[in-house]
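Please look at the sequence and the structure shown here, and then follow the explanation below through the parts where the chains meet.

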There are 2 protein chains.
Amino acid sequence: MTEITIPVGRDLRAEMRAAADAFRMERELQGTLFVRLLSSPGAGKTSLLQATAVRLRKDYNLAVLVGDIETDRDAQRLAPLAPTVQITTGGCCHLELPMVQHAFAQLLCPAGAKPFDLLFIEDVGNLVCPASYDLGEHLRVILLSTPEGDDKPGKYPKAFRTSQALVITKTDLLPFVPFNVEAAIADARRIQPLLQTLCVSAQSGEGIVPWCELLVARRRHLLASEESGRIEMNESS
Amino acid sequence: MTEITIPVGRDLRAEMRAAADAFRMERELQGTLFVRLLSSPGAGKTSLLQATAVRLRKDYNLAVLVGDIETDRDAQRLAPLAPTVQITTGGCCHLELPMVQHAFAQLLCPAGAKPFDLLFIEDVGNLVCPASYDLGEHLRVILLSTPEGDDKPGKYPKAFRTSQALVITKTDLLPFVPFNVEAAIADARRIQPLLQTLCVSAQSGEGIVPWCELLVARRRHLLASEESGRIEMNESS
């Protein structure tokens, strides 16, 4: 029987929260809206990011971080559209902030230090574990694809409770699957009443314009609050 | 600064493996094939179990354990077809053997001690974490639904590597989604060459008969090996 002694007393969760807040604030100061996409495997995160990049990359400076257990298949799809760094967890079921910080540093190196307008992170496909980790994002978006079924919010509540927007994806499949959009939204809003909701199909293009407008509006709001924050600081100094 | 002392030295993983092996052997001795379904959220585990129960319950004594983070929505769908116990993890991303043992005991109590021919467990919808836990099953089945995309095996290898059968679900959606059945099977077999593969649609009924035949054949095989094991033991004694 071996004995080891472990010193406790540091509040690691508070340290992790502070580090995520610092990352969030750094992005805000650089004018970057940091958007995180969360969902089950195969709900359409990569396809939505492809459609988003196609629409926004002319007017906005975009970058993408992509989390996966194994392979760089998603990064290969996104790299032609925007600077992309793949984060491969090697078995781990979620991303943590240090992985994001490390990948973000790789993103900046080749392109110089020019800040991005929009930074996306596609999380590992997992509707459970990632929701417990703050990656320093400004906007957490939960995707629910129509073939998954409209009963999922109540069954996986944390991912919905901690998100600010719900995007129902693959609406082109609605004629072929038993999915009630109103029921899914009502179920999600029982968990998180403030959820902004949208329906999209990356296949048909439905909803991509309102989705991109939401992103642009959120970035404008971020810049305005950063600006007014600076004015307040100036006034009080 | 507080200090606590933790005694180490027990091989907990070996203890967990032994407990899973014991549960597996107990089921085998009772003539019960224990089948576990693993997949992403919304891949069709409950629908497949419904279709299976409709077909097999006349000739076989079935029971179902259903794992979910929250709600008993799946158990409500299955309870009219077979004795069902819901396991709600309350946030936990996977099931562990003690939860299964506890639920199994509840299943036996009201129905008496009569052993089941087939015991199913529907795991929490999560393509990552559950694959690391042995629940004492005889047959682990990984479900991949066509809308999830044919690139998933390589991205979530452990769930495919540790399974004995791959069931591609929602084949009724094949005309509407970019999914290549051959590519998905080839990707999965690169990870686990021994995977038995099947295509099903609980919606149209396609593939349900071969799936049920697979289950019946596996149970026959289990009983035969148990029988021959007993003969061998008799001969050597």
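**Where the two chains meet**

Between chain A and chain B an area of about 3400 Å² is buried, and carbon and sulfur atoms give 60% of it; buried area here is the accessible area, found with a 1.4 Å probe, that two parts lose on being put together, summed over both. On the side of chain A, the residues that lose the most area to chain B are Pro41(A), Arg73(A) and Lys155(A), which together make up 18% of what that side buries. This is a predicted model, in which local features need pLDDT of at least 70 and side-chain atom pairs count only at pLDDT 80 or more, while totals for chains, interfaces and linings use all residues. Residues are numbered from 1 along each chain as its sequence is written, chains are lettered from A and ligands numbered from 1 in the order in which they are written, and side-chain values use heavy atoms, with hydrogens and water left out.

If contact is taken to mean heavy atoms within 4.5 Å, chain A brings 40 residues to the contact and chain B brings 41 residues. Of the interface residues of chain A, 100% are also interface residues in chain B, so the copies meet through the same surface.

Which charged pairs join the chains? Six salt bridges are counted between chain A and chain B, a salt bridge being a side-chain nitrogen of Lys or Arg within 4 Å of a carboxyl oxygen of Asp or Glu. One of the salt bridges pairs Asp187(A) with Arg73(B), whose closest N and O atoms are 2.9 Å apart. Among the elements of chain A, β1 (2-8), α3 (73-78) and α5 (152-155) each supply at least two residues of the side that touches chain B, and β1(A) gives the most, with seven residues; helices (H or I, at least four residues) and strands (E, at least two) are DSSP runs, numbered from the N terminus.

How are the two copies arranged?

As for confidence, the predictor gives the complex an ipTM of 0.89 and a pTM of 0.91.
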